[in-house]
Amino acid sequence: MNATSTKPNPLDLDLAGCESLVTALGFKAFHGRNLFKWMHKHGVVDFDAMTDLPKSLRTVLLETVEIRLPRILQTHPSADGTVKWVMELVDGQRVETVFIPEGKRSTICVSSQVGCALECAFCATARQGFNRNLSVAEIIGQVWHAARQLGAAPTNVVMMGMGEPLANFEAAVKAMDVMQDDLAYMLAKQRVTLSTSGIVPNIYRLREVSDVSLAVSLHAPNDELRDELVPINRKYPLAELIPACKHYVAGDKRRKITWEYVMLDGINDSPAHAKQLIRLLEGVPSKVNLIPFNPFTGSDFGTSPPDRVETFRERLARSGIFAMTRKTRGDEIAAACGQLVGRVQDRTGRLGRIRVEADTRVDLR
Ligand code: SAH
């Protein structure tokens, strides 16, 4: 693999893109389907091993395009079966991908950007600042590697790793399309979840082009607190976020928004917060994931004690909101996103408190 190569990368293409690629080279579209299938379903990235492609097409492909994948740099297995991979991209940047086995299910947590521009106060990735968007090939490449490592495609993918997927909109959507393609990873739409901090215009845009499950990092039941914890809230406050989420699930009774709520000791975990949250989510088809805060070096926050989390969960449940507490997985390998890469390349040394201009670098197009 050549970092300076400018040849197009077929892993950046969806099925239609692969078909156009080969027709542009003068071959029948079905060879494009086969190319797509070889790469994703069979994990083959050597054109010469794609035995049902005409020899002449293989020769042209070798000359004109180059399949470039991220490289697994480190593998960190954990006692509970969680595996965290640090992947190196062709320009030497690093991102993390996490595999979480849960009985018959297997979930891959995928990164969408190198670093993140959003500066959420409790997030390790935020400490690195924003570096760049991942390409489609770099997003789907994480799933490609996971499928090869595990011997089968995962049953679920969550866009919940490093970065804000709705700030890398086109690449995230195209990569999620490939995940769902029958000739690739065959994931059902409800088993692909995009997690966002709440970039409201792009929630509307996503609804137009995709029907993946939506998770929203809420973390606070009022604007005053959310402005501090999730600074993008200053640009898109709850009065805009909640209707966008309602719109996203409207028209299909089975759909729900998953609200992520990290439980921060003494910050957002009181009975009064639970009450506000119940009121806020009134009329929104919802489930709430309470996430025990995963501490990391240099953060001032503490993890809420388990009994407080349970009291909070019970209050929500009593009011009819389905709420569960996420099990902490892979603790000993620092599975909270951004932590491993954070260790090797924290370039900012920032303490992760909030800056007012936090959201100005978000690409909204
Ligand atoms: N930018 C997207 C996706 C990446 S973060 C988003 O904000 O949703 C994935 C989830 O992990 C988010 O809900 C995020 O708030 C949460 N998270 C980040 N740091 C955490 C930490 N230290 N402990 C627990 N959860 C954390």
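Buried means under 20% relative accessible area, exposed over 50%, and partly exposed in between, with a 1.4 Å probe and protein chains only. Keep that in mind for the tour of this predicted model, where local features need pLDDT of at least 70, side-chain atom pairs count only at pLDDT 80 or more, and totals for chains, interfaces and linings use all residues. Residues are numbered from 1 along each chain as its sequence is written, and side-chain values use heavy atoms, leaving out hydrogens and water.

Start by selecting C120. You will find C120 in the loop between strand 5 (113-115) and strand 6 (130-133); strands are DSSP runs of E with at least two residues, helices runs of H or I with at least four, numbered from the N terminus. C120 is buried, at a relative accessible area of 13%.

Next, pick E228, in helix 7 (residues 223-229). E228 is partly exposed, with a relative accessible area of 38%. Show A121 as well: the C-alpha atoms of E228 and A121 are 7.2 Å apart in space, though the two residues are 107 apart in sequence.

For the last stop, select K275, R279, R315 and R318, which form a positive surface patch. Helix 9 (271-280) and helix 10 (306-318) each give two or more residues to this patch. Patch residues have over 30% relative accessible area and no salt bridge, with like charges joined within 9 Å; a salt bridge is a side-chain nitrogen of Lys or Arg within 4 Å of a carboxyl oxygen of Asp or Glu. Finish on K275 in helix 9, which is exposed at 51% relative accessible area.

Terms used:
Patch = residues over 30% accessible without salt bridge, like charges linked within 9 Å, V, L, I, M, F, W, Y side chains within 5 Å. Areas by Shrake-Rupley, 256 points an atom, 1.4 Å probe, with all protein chains shown as cover. Lys, Arg positive; Asp, Glu negative; His and termini not counted. Charge placed at Lys NZ, Arg CZ, Asp CG, Glu CD.
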